[in-house]
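Hello,

Here is the structure I promised to pass on to you. Have a look at it first, and then read on for what turned up in it.

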Amino acid sequence: GMLKHLAGAEDWWFNQVFLGNPQDELWAEIDWDADPDWDWNSAVHDTPGELRGYFESAVDRSNAILDGVASWDELSIKTSQRTGEQFSMRWIVVHMVEEYARHVGHADLIRESIDGAVDL
């Protein structure tokens, strides 16, 4: 579920928010109101290869978008629903670092519960 969630976050922030593109077909038909955790919950129906594929494709698209940005101060097409302000690419990249850090921490807790090893 984490790979599918992170693929969705990559697509949302870089492709949809920054560039203003429509949702990728994987996400377009989802009723997020019916299941706000669809990305996590639906992953049980995907193979490990499919999940890696979603993630790697999303990261490749995000990297291509980053490669095309002249300055991390460039602003997004979409605006914040709360403030109405655009997001800089710098803000999006930092936000994605936070997103990954949060979920890597979750993964480490899961790993610890399985193998009992604690890195100090």
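At 39% relative accessibility, Arg-102 falls in the partly exposed class. Please keep in mind that this is a predicted model. The side chain of Arg-102 forms a salt bridge with that of Glu-99, at 2.9 Å from N to O.

How many salt bridges does the structure hold? There are three. Another one joins the side chains of Asp-46 and Lys-4, at 2.6 Å from N to O. This pair ties together distant parts of the chain, 42 residues apart: Lys-4 belongs to helix 1, while Asp-46 lies in the loop between helix 3 and helix 4. Both Asp-46 and Lys-4 are buried.

The side chains of Arg-90 and Asp-73 also meet in a salt bridge, at 3.0 Å from N to O. Here too distant parts of the chain are linked, with Arg-90 in helix 5 and Asp-73 in the loop between helix 4 and strand 1, 17 residues apart. Arg-90 is partly exposed, with a relative accessible area of 39%.

Now to helix 1, which covers residues 2-18. From its first C-alpha to its last it reaches 22 Å, close to the expected 24 Å. Helix 1 bends by about 30° at Trp-12, and 14 of its 17 residues are buried. After helix 1 comes Gly-20, with a positive phi near 80°.

Enjoy exploring!

Best wishes

Definitions and conventions:
Residues numbered from 1 in each chain as written. Predicted model: local features only at pLDDT ≥ 70, side-chain atom pairs only at ≥ 80, totals over all residues. Heavy atoms only, no water. Helix = DSSP H or I, 4+ residues; strand = E, 2+ residues; numbered from the N terminus. Expected span 1.5 Å × (residues − 1). Bend = angle between axes of the 7 residues up to and from the residue. Buried < 20%, exposed > 50% of the residue type's maximum accessible area, 1.4 Å probe, protein only. Salt bridge = Lys/Arg side-chain N within 4 Å of Asp/Glu carboxyl O.
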